[in-house]
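Colleague: I would like to learn how to read the contacts in a structure. Could you walk me through one?

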Amino acid sequence: VPFFPYSLVKTNTASYFLHNVSCKFSHSWSLAALALVVVTGCSDLKPVADFGKNASGIAAYTGVSQDYPASLLRLKQYGFTGKSVSPERIAKRAQDAKRLSEAQNALAAYAKALGGLTADDLTNYDKQIDALNKAVTDGKFATTAQTAGYAKLTKFAAQFATDAYRREKLKHLIVTYNPAVQKATTQLGDVVKVYVFAVGDEQAYWASAVERARKHNPTMLPIINVIAANQDQMLKTKQNNAKDLGNGLQIFARGHQELAKNIGKVDFKVTASIAQKYADQLRAILSSFTNLPTPL
Amino acid sequence: MRTITVDDVIELATKFKESEAALSQYWVRNYGTLPDDDLASLVAAENDLHDNIQELMTNAVGKILDDAQASLNDIKRATAAANDAIKTVTEVKKIITIATSLVTLVAAIYTGNLVGISTAITDVFDATNPAPAV
C-alpha cells in the first residue's frame with residue numbers, strides 16, 4: 001500500500017511560477033523587498049516550524065520499534081517457552097519492527113520538511129526533501145520515479161522565498177500529504193497500542209514469575225526484590241514512553257488535520273495559532289519522555 | 001458480521017489477562033497446601049493462557065465475528081463469568097477446567113473459527129456453572 005499519495009500531486013511547477021510568483025516580481029523594487037525578506041526570515045511561520053520540529057522529534061522516538069522483538073526475548077529470559085516466543089514469532093516481530101521503524105522515519109522526515117519549509121534558514125531545505133524521499137523509498141512507500149517528481153515540485157526556489165510563496169508551498173505540502181499523515185499515524189498508533197498492552201502483559205507475567213521465585217527461594221528474597229524492582233521500573237518506563245509516543249502521534253495527526261482543513265481558507269494568523277497550540281502540546285509530550293534505568 | 005479492531009483485541013485481551021492474573025493469585029494463595037502436580041498444572045494453564053493472549057494480539061485484528069453466532073459481548077460475558085469463578089471457586093480441578101476452556105475460546109477467536117467461538121463460549125459457561133449433581 002503506498003504510504004504517500006503521489007498520485008494526488010497534480011500541481012504543475014511551471015504554471016505555479018507563472019501564476020503565483022513571476023508576476024509578483026516584475027518590478028525592480030520587488031527584488032529589493034524580496035532580498036530584505038530573505039535576509040530577515042519569516043517569523044510569522046515560526047509556529048508551523050515548531051509544530052514540524054516537535055512532531056519530528058516525537059516520530060523519531062525509536063524505543064518502541066527497537067523493543068518490539070526484544071519484549072518476546074525477555075519473556076524467554078523469564079522462563080516462558082510457549083509458541084508465542086518461538087523463533088518464527090520473534091522473526092515476524094523483527095520484520096514488523098523494521099516496517100514500524102521505516103514508517104516512523106518517513107513521518108519524522110515529513111515533519112522535519114514541514115518545519116524546514118518555514119524556517120528562516122532555507123539552505124538545508126533541499127536536503128530535507130531528499131531525506132524525506134529517501135525515507136519513503138526505503139520504506140517502499142513510493143518509487144524513486146515518484147519521489148523524483150515530488151522533489152521537483154517541493155524543492156525551493158530560494159530566490160523567490162517570500163512569505164506568500166512559502167505559505168503557498170506549505171498549503172500544498174500539508175493538504176497533499178494529509179491523507180497519508182492520517183493513515184500513517186493511525187497505523188503507527190495501532191502498533192503502539194499493541195506494544196503498550198504487550199509490555200503490560202509482560203509486566204503481569206514477570207510479576208507472576210517473581211511471586212513463584214519468592215515462594216520457591218525464600219532465602220534469596222533480598223536479591224529477588226532488587227532485581228524485581230529494577231525490572232518493574234524498566235518496564236513501566238518503556239510503557240510510559242510508548243504511551244507518550246502514541247499520544248504524540250495522535251496530537252500530530254489532529255493538528256495536521258486541523259491545519260489541512262484551515263490553511264488557505266482563513267487568515268494565516270489563525271493557521272499559525274493552530275500550529276502554535278499543537279506545537280506546545282507536542283513539546284510537553286517530548287519533555288515527558290524518560291530515560292530507561294540501567295539494567296542490572 | 002463485524003471485523004475485529006485493534007481496540008476490540010486490546011479490550012478482550014485485557015479481560016483474558018485478568019483471568020491469567022487470577023490464576024497466578026490462586027497459585028500464590030495455595031502454595032504449600034496443594035500437591036506439586038496441581039501447582040504445576042496451574043502454572044501450565046497460566047502459561048497456555050498467556051501464550052494464547054500473545055497470539056490473540058498478533059493474529060486477531062481483522063478477523064470476522066458473526067454476531068448471529070457469537071458477539072463480542074457474548075465473549076466478554078463468558079470471560080467475566082470465568083474471571084469471577086476463578087476468584088471464588090476453591091477446587092483446583094475446576095479452576096484448571098475453566099482456564100482450559102478460556103484457552104480454547106482465545107484460540108478460536110484468533111484463528112477465526114466462528115463455530116469454535118460459539119462452542120467455546122458454551123464450554124466456558126458450562127465450566128463456570130456446571131449442572132448440579134443428581
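Colleague: Before we go on, what should I know about the model and its numbering?

Modeller: This is a predicted model, so local features need pLDDT of at least 70 and side-chain atom pairs count only at pLDDT 80 or more, while totals for chains, interfaces and linings use all residues. Residues are numbered from 1 along each chain as its sequence is written, chains are lettered from A and ligands numbered from 1 in the order in which they are written, and side-chain values use heavy atoms, with hydrogens and water left out.

Colleague: Which residues touch the most other members of the largest nonpolar core?

Modeller: First the idea: a nonpolar core is a set of buried Ala, Val, Leu, Ile, Met, Phe, Trp, Tyr and Cys residues joined through side-chain atoms within 4.5 Å. Buried means under 20% relative accessible area, exposed over 50%, and partly exposed in between (1.4 Å probe, protein chains only). Here the largest core has 118 residues, and F16(B) and L56(B) touch the most other members. Helix α8 (residues 163-216) of chain A gives the largest share of this core, 16 residues. Helices (H or I, at least four residues) and strands (E, at least two) are DSSP runs, numbered from the N terminus.

Colleague: How do I read the interface between the two chains?

Modeller: The size of an interface is often given as the accessible area lost when the parts come together. That buried area uses a 1.4 Å probe and is summed over both parts. Between chain B and chain A it is about 2,200 Å², with carbon and sulfur atoms giving 57%. On the chain B side, K17(B), H50(B) and Q54(B) lose the most area to chain A, together 23% of what that side buries. Counting contacts instead, 24 residues of chain B meet 22 residues of chain A.

Colleague: Is D51(B) buried or exposed?

Modeller: D51(B) is buried, with a relative accessible area of 5%, whereas K83(A) is partly exposed at 39%.

Colleague: And what can a salt bridge inside one chain show?

Modeller: Look at K93(B) and D38(B), whose side chains meet at 3.0 Å, N to O. K93(B) lies in helix α4 (residues 92-110) of chain B and D38(B) in helix α2 of chain B, so the pair ties together parts that are 55 residues apart in sequence. In chain A, D50(A) forms a salt bridge with R283(A), the closest N and O atoms being 4.0 Å apart. That pair links helix α3 (residues 46-59) with helix α10 (residues 268-288), 233 residues apart.

Colleague: Which residues are linked with these two in a network of salt bridges?

Modeller: K46(A) and D280(A) are linked with D50(A) and R283(A) in that network.

Note on methods:
Contact means heavy atoms within 4.5 Å. Buried area is the accessible area (1.4 Å probe) that two parts lose on being put together, summed over both.
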